[in-house]
Amino acid sequence: TVYVVDGYKNRVQAFDSSGNYVAAIEIARPSAVSVAPDGTMYIGSHRDYSVALYKHGGRTGYLGNGQNEFLSIRDIAVDRGTGDVYVVDNIGNAVKVYYASGIQKGVLSGFNLPVGIAITDNAVYVLDAPVIKSAGKQGTGSRISVFGKNGNFVHSIDENGSTGDQMTRPTGIAVDRLGNIFVADASRKSVLVYSGVGTFIGEITSPSHDINTAVSLVLSPDNR
């Protein structure tokens, strides 16, 4: 099942693997969604800056204290091994971590406007825009920070916004089982592909610009 956040129409829509509409969950100003292996849905809302838990289409609780738990909710990911829930707080410059029950477990910090997160069996990948200062001027670059499951920083893939860099306005991230990293880029109208160590491999796009202002990205178990 594919779940799509439709913020303007205050709903999260569900589609089957063939693209057929299945159902919708009505929720005010949804901003992000993720689904755990047991079917629990975590839906972020910018109406009250909360992430609600849903089972069988009904709300069963919230992460943390519920209302105003976050300054913004840009992305949500569930660790399929542990059930832990990671929430990207773009304005709060943090990734908050919760147990499946909703109790807060920890915080990943040191980011500037994080926008996306991906979780593998061994690592957590966070996409953000670090501040770059050069020749008396200040701008932003693009960065993928890699953390261990214990929250310790491992390494980063940094691009400083120079001519030779690939990421222009990255908006979403996913990682496959081989460690290849996929980044949706709104400005490039494509999905950029990197190796696990940060080597640029190529991009997924088309001459007819089928991808236009990409904002999010997810991989299926069969790498679609």
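Me: Which residues is Asn90 in contact with, leaving aside its neighbours within four places in sequence?
Reply: With those neighbours left aside, Asn90 is in contact (heavy atoms within 4.5 Å) with Ser72, Arg74, Leu113, Pro114 and Val115. This is a predicted model, in which local features need pLDDT of at least 70 and side-chain atom pairs count only at pLDDT 80 or more, while totals for chains, interfaces and linings use all residues. Residues are numbered from 1 along each chain as its sequence is written, and side-chain values use heavy atoms, with hydrogens and water left out.

Me: Is Asn90 buried or exposed?
Reply: Asn90 is buried, with a relative accessible area of 13%, where buried means under 20%, exposed over 50% and partly exposed in between, using a 1.4 Å probe and protein chains only.

Me: And where does Asn90 lie?
Reply: Asn90 lies in the loop that runs between β9 and β10 (94–98), strands being DSSP runs of E with at least two residues, numbered from the N terminus.

Me: Switching to β8, which of its residues are buried?
Reply: In strand β8 (residues 75–78), Asp75 and Ala77 are buried on one side and Ile76 and Val78 on the other, so that both faces are covered. In a regular strand, side chains alternate between the two faces of the sheet.

Me: How many bridges join β8 to β9?
Reply: Four bridges join β8 to β9 (residues 85–89), and the two run antiparallel; strands pair if DSSP finds at least two bridges between them. Asp75 stands opposite Val88 in β9.

Me: What about the turn, which residue there has a positive phi?
Reply: Gly83 does, at about 85°, in a hairpin with six residues between β8 and β9.
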